[in-house]
Amino acid sequence: MESLIYGFQVALDMQNLFYCFVGTFLGTVVGMLPGLGPAATIAILLPTTFTLGPTPAIIMLAGIYYGAMYGGSTTSILVNLPGEASSVVTCFEGYQLARKGRAGVALFIVAIGSFIAGTFAVILLTFLAPRLSSLVLTFGPSEYFALMFLGLTLVLYLSTTSHAKSAVMASAGFLLGMIGLDPVSGVQRFTYGRLTLLEGVGFVPVAMGLFGISEVIVNAIQEKTSEIYVKSFGQFIPSRGDWTDARWPIARGSILGFFVGLLPGGGAVVASFLSYALEKRISKKASEFGCGSIAGLAAPESANNSAAIGAFIPMLTMGIPANAVIALMLAALLIHGITPGPMLVTQHPDLFWGVIASMYIGNVILLILNLPLIWVFVQLLRIPYRLLGPLIILFCVVGAYSLNNNPYDIVIMVAAGLAGIAFRIYGFDPAPLILSMVIAPMMEMAFRQGLISERGDMWTFFFKPTAFLIWIAICLVILSPVLSRIIYKYTTVRDKR
Amino acid sequence: MGGIKNPGPGFVPFLICFSLVLFSGYLFIIERPKVDVWSLAKLIKGAGVAAAIPIAGFAMEVVGFRIMTFFLMCLLLRLFGSPKWSIIIGLSIIIALGVDFLFSSVGLILPRSLWGI
């Protein structure tokens, strides 16, 4: 408790409070605007955090991430266009409510549900994170390697595209992460004698290209426009019946979202879909789903906010990013000279507790921004993309250049952007590539350090007790499709008898 | 390359390349995605946007950020479909000066031209 009070002292510092507001405000704006997600925004704004300390930088970037969860629902409800990937499900019910003249009620339920879920997740984060850090301190290279392998396996299996495509992306990300100097022997790998590649391929330009430049070029080519269908919100305050329909879905969504968000590869998108599917299955008013169901709206929106906060736990306690956005924040910490992991809570308590406390404050700010000021944000949807697109490109150019004052980073960004367009066309998810690129050096280091310390004994490396348990979990994940088929056949045969 | 008990710098890259070839081969043989092809005009537009960006990056070190931004915005606003040149030029000047001010205020130092603009 004293640590959390210390965290609030840090978070309520004027500078940190200001950047918390900036982050949540930008996150809401970014979440609302289709075509610009939190990943691209964080990648673009990352260089602007170099002049800040690590605490205000991460507070702002975190605010952008969970703020985008709030903002994405607005566009889904009013325009039937998800502002953010995790708000796709909100379109199913939110837009139908808006067509019935209940847009205000939908926005209110979403804002309150997101606030409750976000606060619940931050409370869990407060109590779980330090305990997990203590546990992870006992881990050695074998356990770290197994843990990162588990994270990567989950990313592949929870991906929205085929496993083979995700495996290709993860492999490509690994190769990109290995460009530069070998961490053990210092030998150059894949540098082709170029000095610019000695430090490897920049993660930030690649992320900006994959998420920002590719999106803008595709939107320019497809000439997408959007129009606000709903002209008025109707009444804002939900009825007693609406609250009755919303309360348990909000609770279930909050819990489910948090634990899905903890899993690498889980994230807000998976959490929102799972939550919607669960509510549809157990609801007594299942016929309302697809026609403006309050339960179908409240649950996924709560889940995605809860998942966004839960995703911070692996990064803060183990140094393992759970998704592409968290990977960018991990990169931000590394750029500021801070290595996230179990030592973070003891070595940088101001950062650790300050970020957690700022999430409480950020959720309150977001509730204020998303209810009374909603009409202000809606005007942003009227900004034509022919103005927004060039601005995004300009910010990307400045962001990539300012990393090292090197125009070759811009070339890398554009190359990644063109690759991102190809990925979109052929249905490849770039998230495994980004995650692999970040954890590749750490995984290889853990693998080779572990083998060196065990004098090449593979048996001991793979079969240490904790590592062995993690490898069992990995095998269960890999075999889960086969196991579920066996269990399904067994239960079907048993029911027939 | 080293061996499995004492991997060298090439060991892990070799394993990753092997897995990349394996999964790519599976995709090539088993999964053949259908692709919507864009028209030539749209592809040229996209290529124009993509080509402008690195050119602008290298030009920035010679002509400075403000001049680079002005020309880049003129080109991009035109490619993105803005109607009148008067609007494009006016917006480009505002954006060049405004964004330069914004980045200066957060401490990012961007290149100036030889003439100090």
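This is a predicted model: local features need pLDDT of at least 70, side-chain atom pairs count only at pLDDT 80 or more; totals for chains, interfaces and linings use all residues.
Which helix gives the most residues to the nonpolar patch?

**Stop 1: the nonpolar surface patch**

Select Trp459(A), Phe463(A), Phe468(A), Leu469(A), Ile472(A), Leu476(A), Ile478(A), Leu479(A), Val482(A), Leu483(A), Ile486(A) and Ile487(A); on the surface they form a nonpolar patch with about 1100 Å² of accessible area together. Two elements give two or more residues to the nonpolar patch, namely helix H21 (458-463) and helix H22 (465-496) of chain A. The answer to the opening question is H22(A), whose contribution of ten residues is the most. Next, pick out Phe463(A), which is placed in helix H21 of chain A. The relative accessible area of Phe463(A) is 39%, so this residue counts as partly exposed.

**Stop 2: the nonpolar cores**

The largest nonpolar core has 165 residues, and Tyr65(A) and Met329(A) touch the most other members. H9(A) supplies the largest share of this core, with 13 residues.

Centre the view on Tyr65(A) and display what surrounds it. Apart from neighbours within four places in sequence, Tyr65(A) is in contact with Pro38(A), Ile42(A), Ala308(A), Ala311(A), Phe312(A), Asn323(A), Val325(A), Ile326(A) and Met329(A).

Return to Phe312(A), one of the contacts of Tyr65(A). Phe312(A) lies in helix H13 (residues 312-318) of chain A and is buried, with a relative accessible area of 0%. When residues up to four places away in sequence are not counted, Phe312(A) touches Ala62(A), Tyr65(A), Ile326(A), Met329(A) and Met359(A). For a sense of scale, draw a distance from the C-alpha atom of Phe312(A) to that of Tyr426(A): the two are separated by 31 Å and stand 114 residues apart along the chain.

**Stop 3: a buried loop residue**

Select Thr49(A), in the loop between helix H3 (38-45) and helix H4 (54-79) of chain A. Is Thr49(A) buried or exposed? Its relative accessible area is 1%, so Thr49(A) is buried. Beyond the neighbours within four places in sequence, Thr49(A) has contacts with Ala57(A), Met60(A), Leu61(A) and His336(A).

**Stop 4: salt bridges**

The whole structure holds ten salt bridges over all chains. Start with Arg424(A) and Glu215(A), whose closest N and O atoms are 2.7 Å apart in a salt bridge. Because Arg424(A) lies in helix H19 (residues 408-426) and Glu215(A) in helix H9 (residues 203-222) of chain A, the pair ties together parts that are 209 residues apart in sequence. Colouring by accessibility shows Arg424(A) as partly exposed, at 37% relative accessible area, whereas Glu215(A) is buried, at 17%.

Continue to Glu444(A) and Arg448(A), a salt bridge in which the closest N and O atoms are 3.0 Å apart. Both residues belong to helix H20 (residues 431-453) of chain A and are four residues apart, about one turn of the helix. Glu444(A) is buried, with a relative accessible area of 3%, and Arg448(A) also counts as buried, at 3% relative accessibility.

In chain B, select Arg112(B) and Asp100(B), whose side chains meet in a salt bridge with an N to O distance of 3.2 Å. This pair links distant parts of the chain, twelve residues apart: Asp100(B) is in helix H4 (85-105) of chain B, and Arg112(B) is in the segment after that helix. Arg112(B) counts as partly exposed, at 34% relative accessibility, while Asp100(B) is buried, with a relative accessible area of 4%. To close this stop, go back to chain A and show Asp182(A), Arg189(A), Glu444(A) and Arg448(A) together; salt bridges that share partners join them into one network.

**Stop 5: the interface between chain A and chain B**

Finally, display both chains. Contacts involve 57 residues of chain A and 52 residues of chain B. The two chains bury about 4700 Å² between them, 83% of it on carbon and sulfur atoms. On the chain A side, select Ile221(A), Arg386(A) and Leu394(A), which lose the most area to chain B and together account for 13% of what that side buries. How many salt bridges are counted between chain A and chain B? The count is zero.

Methods. Residues are numbered from 1 along each chain as its sequence is written. Chains are lettered from A and ligands numbered from 1 in the order in which they are written. Side-chain values use heavy atoms; hydrogens and water are left out. A salt bridge is a side-chain nitrogen of Lys or Arg within 4 Å of a carboxyl oxygen of Asp or Glu. Buried means under 20% relative accessible area, exposed over 50%, partly exposed in between (1.4 Å probe, protein chains only). Contact means heavy atoms within 4.5 Å. A nonpolar core is a set of buried Ala, Val, Leu, Ile, Met, Phe, Trp, Tyr and Cys residues joined through side-chain atoms within 4.5 Å. Patches are made of residues with over 30% relative accessible area and no salt bridge: like charges are joined within 9 Å, nonpolar side chains (Val, Leu, Ile, Met, Phe, Trp, Tyr) within 5 Å. Accessible areas come from the Shrake-Rupley method with a 1.4 Å probe; for residues, only the protein chains shown count as cover. Buried area is the accessible area (1.4 Å probe) that two parts lose on being put together, summed over both.
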